[in-house]
Amino acid sequence: MTHYLYQEQNWQAQLSDLITDPLELLNILELSPEQLLSGALLASTQFKLRVPRAFVTRMQKGNPLDPLLLQVLPHHLELEEHPDFVTDPLGEEQANQQPGVLHKYKTRFLLTLTGACAVHCRYCFRRHFPYQENLPKSEDWINIQHYIQSQPDINEVILSGGDPLTLSNRKIKLWIERLESIPQLKFLRIHSRVPIVMPNRVDEELISILKNSRLRIILVVHSNHASELDDFTCRQLQQLVAEKITVFNQAVLLKGVNDHVQILTDLSYRLFDAGVLPYYLHVLDKVKGAHHFDLNSQDIDSLYQGLLANLPGYLVPKLVREIAGEKNKTPLFGVSTF
Ligand SMILES: *Cc1c(COP(=O)(O)O)cnc(C)c1O
Ligand code: SF4
């Protein structure tokens, strides 16, 4: 493991060699199997462990509280029932008009092309979402096209997931070409955690597809902690920025992972080193199984006050919550003060 150089292995090989066995993960990190309290293995059958080796190399050996590890290791507390924490906290099943399409926001809509992710984040709000029934097939394209054309306010399509960058370059190119053929579309956004957890995914072909599109491309990556951003990952992100692709980050506030002012400050500066601007800081969605990551509102408030004091305005992410049925994400700070 010490000599495993993920930078040299192609991403397809990495994707077919993910770690899915919690005991293997603990073994690599030189942690004892007792880290898995009873219940954790059951939790992992409900939402499988899944993590690229490239991400594991950034975890600290011998540290059961490593902030990267805590995001992926199944935990017995996931099995606890909490009445506020439900399987579909955002009511997405209702907003789901047709396969692959999720249109909640006026000018932009979400296109889900795959249910697969390279990593399974334990706090994910989609951990119970029925992706498999909801993926568009090639013949659905015509309906999606008609749908977009029937909604003249839509100018942006967001590829989300699952994680769209688990798809091959060929598929990504195909879908981008389809979307480019609709004149009203100006922006294409890609939400992905893959450039962080498996930075080799940012290969030359992908960069070339993105930089040659007629659409303005915005990549929103998802990193929660500066330790995720090693030098290689930052270089890969810088390559995109160098090609005039706008790269933003969204993070989720997670108890035990990044609930300190200094950690969030470091994250913002590290992103900026990579040419990436902090976009959103999400409050945890109340999804069943994620209660142990939740923070109370006083703590969130004082964290955010600390960030405002520590950082220049352009490095302060917007603190937001998603509320089911709302027409946009809800800003959480200072709203009641004017
Ligand atoms: C977050 C989100 C968007 C995009 O919202 P922005 O505020 O533009 O980032 C669009 N659709 C859905 C369903 C979303 O959850
Ligand atoms: S959708 Fe994003 S947050 Fe959820 S498991 Fe996949 S990569 Fe993680």
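Contact here means heavy atoms within 4.5 Å. The structure is a predicted model, in which local features need pLDDT of at least 70 and side-chain atom pairs count only at pLDDT 80 or more, while totals for chains, interfaces and linings use all residues. Residues are numbered from 1 along each chain as its sequence is written, and side-chain values use heavy atoms, with hydrogens and water left out.

Leaving aside neighbours within four places in sequence, Leu-25 is in contact with Ile-19, Leu-49, Val-51, Val-56, Met-59, Leu-69, Val-72 and Leu-73.

Helices α7 (residues 141-149) and α8 (residues 169-180) pack at about 35 degrees, with axes 11 Å apart. Helices are DSSP runs of H or I with at least four residues, and strands are E runs of at least two; axes are lines fitted to C-alpha atoms over the stretch in contact, with angles from 0 to 180 degrees between N-to-C directions. Trp-141, Ile-144 and Ile-148 of α7 meet Trp-175, Arg-178 and Leu-179 of α8.

Thr-246 lies in strand β6 (residues 246-252). Beyond four places in sequence, Thr-246 is in contact with Arg-216, Ile-217, Ile-218 and Leu-219.

Terms used. Chains lettered and ligands numbered in written order.
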